[in-house]
Amino acid sequence: MKPLTSGDCDGCGICAEVCPMGSIRREDIRTVDGICIKCGACIKKCPKHAKYYEDEGYLYHKTELEEQYTTRAEPEIFF
């Protein structure tokens, strides 16, 4: 599963710059050649909201985690 690009993309290349794996080509940001670790950096930083995931399993898991972890947990020390 790799991020998709909608027609709203203006080709600014921010997604290619923020991809920690260098998987998005600057020359053609619609092409994800390398490994996608699903960090979401390209999606979060896109000013046009043109990057997205479509995989139902991923989206379900993402929603499930967002609902389950709504508050920050304080660290605990066990002896």
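The largest pocket is lined by K38, C39, G40, I43, K44, Y52, Y53, Y58, L59, H61, K62 and L65. Two elements, α2 (41–45) and α3 (56–68), each give two or more residues to this lining. The greatest contribution comes from α3, with five residues. The space in the largest pocket amounts to about 200 Å³. By residue class, the lining comprises seven nonpolar, two polar and three charged residues. The structure described here is a predicted model.

A separate surface feature is a nonpolar patch of about 310 Å², made by M21, I35 and I37. Of these residues, I37 is found in the loop between α1 (14–18) and α2. Its relative accessible area is 49%, and I37 is therefore classed as partly exposed, since the exposed class requires over 50%.

What is the relative accessibility of G13, and is this residue buried or exposed? G13 has 1% relative accessibility and therefore counts as buried, the cut-off for that class being under 20%. G13 is found in the loop between β1 (4–5) and α1. Along the sequence, G13 and D28 are 15 residues apart, while their C-alpha atoms are 8.7 Å apart in space.

Technical notes. Residues are numbered from 1 along each chain as its sequence is written. This is a predicted model: local features need pLDDT of at least 70, side-chain atom pairs count only at pLDDT 80 or more; totals for chains, interfaces and linings use all residues. Side-chain values use heavy atoms; hydrogens and water are left out. On a 1 Å grid over the protein atoms alone, a cavity is a set of points where a 1.4 Å probe fits but cannot get out, and a pocket is an open set with protein on both sides within 12 Å along at least five of seven lines; lining residues have an atom within 4 Å of a point. Grid points are joined across faces, edges and corners, and a volume is the space filled by probe spheres set on the points. Helices (H or I, at least four residues) and strands (E, at least two) are DSSP runs, numbered from the N terminus. Ala, Val, Leu, Ile, Met, Phe, Trp, Tyr, Cys and Pro count as nonpolar, Asp, Glu, Lys and Arg as charged, and the others, Gly among them, as polar. Patches are made of residues with over 30% relative accessible area and no salt bridge: like charges are joined within 9 Å, nonpolar side chains (Val, Leu, Ile, Met, Phe, Trp, Tyr) within 5 Å. Accessible areas come from the Shrake-Rupley method with a 1.4 Å probe; for residues, only the protein chains shown count as cover. A salt bridge is a side-chain nitrogen of Lys or Arg within 4 Å of a carboxyl oxygen of Asp or Glu. Buried means under 20% relative accessible area, exposed over 50%, partly exposed in between (1.4 Å probe, protein chains only).
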